[in-house]
Amino acid sequence: MLPHASLKNELLLLENGLDVASFMALRRSVGLPEREKLQVKRALGASLCSVLALYGGEIAGMGRLVGDGAIIWYLQDVIVSPRFQGQGVGRAIVEKLLAHIRESSLPGSCVSIGLMATAGKEGFYERLGFHARPSDGQGSGMMLNLQL
Ligand SMILES: CC(C)(COP(=O)(O)OP(=O)(O)OC[C@H]1O[C@@H](n2cnc3c(N)ncnc32)[C@H](O)[C@@H]1OP(=O)(O)O)[C@@H](O)C(=O)NCCC(=O)NCCS
């Protein structure tokens, strides 16, 4: 689906166009903690796919996929700059990443797409077809953060 009419003619979604500086600027724009440049460079290099959204040359948003590219895919770092939020950019980014999964997974296979939603953003993902866990006999998503 295309983003809202006001943006659809100008929004550019660059597949694998996400660079370290844009990644860091977008995290900063929504108040997320800084990451080390080297760590970001390695993370982007190991991603299965990324999307950088540009509007009129301005950085509007991003998202990326990590995982094994066959059974399990994870959506990561879906961020829209505050001045572009609420105009369909986030939806366009996620749909582009979902299209990548459809195109590059084995035909006929069943794949799982996971994510960790930020508090209050669950509804955004529910509109895109995701369901929250725990549900239907599935346990909670879990995490372990390690400080090295
Ligand atoms: C979450 C985020 C990516 C959404 O991007 P966005 O461009 O503002 O969202 P969109 O305009 O594409 O919204 C798509 C749909 O989700 C809905 N939606 C958006 N945010 C929502 C929310 N927090 N709760 C419920 N629904 C939401 C919209 O109303 C829209 O519905 P519609 O298609 O039926 O009209 C953006 O708000 C953001 O970057 N937030 C800060 C960073 C963050 O928390 N990222 C999530 C990491 S898990």
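Visitor: Is leucine 148 buried or exposed?
Guide: This is a predicted model, in which local features need pLDDT of at least 70, side-chain atom pairs count only at pLDDT 80 or more, and totals for chains, interfaces and linings use all residues. Residues are numbered from 1 along each chain as its sequence is written, and side-chain values use heavy atoms, leaving out hydrogens and water. Buried means under 20% relative accessible area, exposed over 50%, and partly exposed in between (1.4 Å probe, protein chains only). Leucine 148 has a relative accessible area of 91%, so this residue is exposed.

Visitor: Where does leucine 148 lie?
Guide: Helices (H or I, at least four residues) and strands (E, at least two) are DSSP runs, numbered from the N terminus. Leucine 148 lies in the segment after helix H5 (122-127).

Visitor: Is cysteine 49 buried or exposed?
Guide: Cysteine 110, at 72% relative accessibility, counts as exposed. Cysteine 49 has 0% relative accessibility and therefore counts as buried.

Visitor: How many disulfides does the count come to?
Guide: A disulfide is a pair of cysteine sulfur atoms within 2.5 Å. By this rule the count is 0 disulfides.

Visitor: Which residues does serine 81 touch, not counting residues up to four places away in sequence?
Guide: Serine 81 sits in the loop between strand E4 (72-80) and helix H4 (89-104). Its relative accessible area is 11%, so serine 81 is buried. With contact meaning heavy atoms within 4.5 Å, and residues up to four places away in sequence not counted, serine 81 touches Leu26, Ser29, Ile59 and Ala60.
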